[in-house]
Structures are given as structure tokens and as C-alpha cells.
Amino acid sequence: PFELPPRAAVEGTAVLSIVGSLERGAPDWTAAVAGWRARGVPLTLKIVPGRAHEWLFSERAEQDFLETWLDALSYEP
């Protein structure tokens, strides 16, 4: 799941991954960030300490992080 899809399909597409630090895939996401970014994918990764494979938006901090990330994508042409 951490392989970069074909370039034409994702280049320039913003990707947000929020993963619990106890999730077994967290190290894989951490390792994938540089490669995805080098290929033109603006991947943002947030590791939530002490959390596992679960709903990660129950805390206000994660909700605020998501809202800030979404606001950064908004622009007026």
C-alpha cells in the first residue's frame, strides 16, 4: 500500500495520511514520505502518539490539523 501509484495519476495531488504511532504501518508511512514527495506528490504525514488502528479524529488536535490542511489547499485562482 505504500508503493507510489503511477505518476500521471497522482502527481500534484495532495495526500494526507494520519496514522497512530502504535499502528504497524506507521514506520512504512514514515519511510514512504520522501519518495512520494520526490516524485511530485505533496504527501503530508501526521503520526498520532499512543494511538493505533482506530478513528483518529476524536481529539480536537487532529480535527484542527485536518482543517488547517484543508484550508491550505483552498486558493482563489
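Are K46 and E62 buried or exposed? I found both K46 and E62 buried; buried means under 20% relative accessible area, exposed over 50%, and partly exposed in between, with a 1.4 Å probe and protein chains only.

**Ground rules**

I am reading a predicted model, in which local features need pLDDT of at least 70, side-chain atom pairs count only at pLDDT 80 or more, and totals for chains, interfaces and linings use all residues. Residues are numbered from 1 along each chain as its sequence is written, and side-chain values use heavy atoms, with hydrogens and water left out.

**Confidence**

I checked pLDDT, the predictor's confidence in each residue from 0 to 100. The protein chain has a mean of 85, and 84% of its residues reach 70 or more. Confidence is lowest in helix α1 (residues 7-10), with a mean of 66, and highest in β2, at 93. I keep a reminder here: where pLDDT is low, the predicted coordinates should not be read in detail.

**Layout**

I counted three helices and two strands in the protein chain. Helices (H or I, at least four residues) and strands (E, at least two) are DSSP runs, numbered from the N terminus. Along the sequence the pattern reads α-β-α-β-α. The chain has 77 residues, of which 26% count as buried.

Next I looked at contacts, meaning heavy atoms within 4.5 Å. Among those with a separation of 6 or more, 68% are between residues 24 or more positions apart.

**Salt bridges**

How many salt bridges does the structure hold? I get four, each being a side-chain nitrogen of Lys or Arg within 4 Å of a carboxyl oxygen of Asp or Glu.

K46 and E62 form one of them, at 4.0 Å from N to O. This pair links distant parts of the chain, with K46 in strand β2 (residues 43-48) and E62 in helix α3 (residues 60-73), 16 residues apart. E62 has a relative accessible area of 6%. Leaving out neighbours within four places in sequence, I see E62 in contact with K46, V48, L56 and F57.

R60 and D64 form another, with their closest N and O atoms 2.7 Å apart. Why are R60 and D64 separated by about one helical turn? Because they are four residues apart in helix α3. R60 is partly exposed at 44% relative accessible area, and D64 is partly exposed too, at 33%.

R60 also meets E67 in a salt bridge, at 3.2 Å from N to O. Shared partners join R60, D64 and E67 into one network. E67 is partly exposed, with a relative accessible area of 41%.

**The nonpolar core**

Which residues make up the largest nonpolar core? I list nine: V10, V19, A26, W29, A32, V33, W36, V41 and L43. Helix α2 (residues 26-38) gives the largest share, five residues. The term covers buried Ala, Val, Leu, Ile, Met, Phe, Trp, Tyr and Cys residues joined through side-chain atoms within 4.5 Å.

**A walk along α2**

In α2, I find A26, W29, A32, V33 and W36 buried. The buried residues of this helix pack against β1 (15-20) and β2. Not counting residues up to four places away in sequence, A26 touches V19, G20, S21 and I47.

Where is α2 kinked? The kink is centred on A32 and comes to about 35 degrees. The bend at a residue is the angle between axes fitted to the seven residues ending there and the seven starting there. After α2 comes G40, with a positive phi near 90 degrees.

Last entry: E23, in the loop between β1 and α2. From C-alpha to C-alpha, E23 and A52 are 4.4 Å apart in space, yet 29 residues apart in sequence. Neighbours within four places aside, E23 is in contact with R51, A52 and H53.
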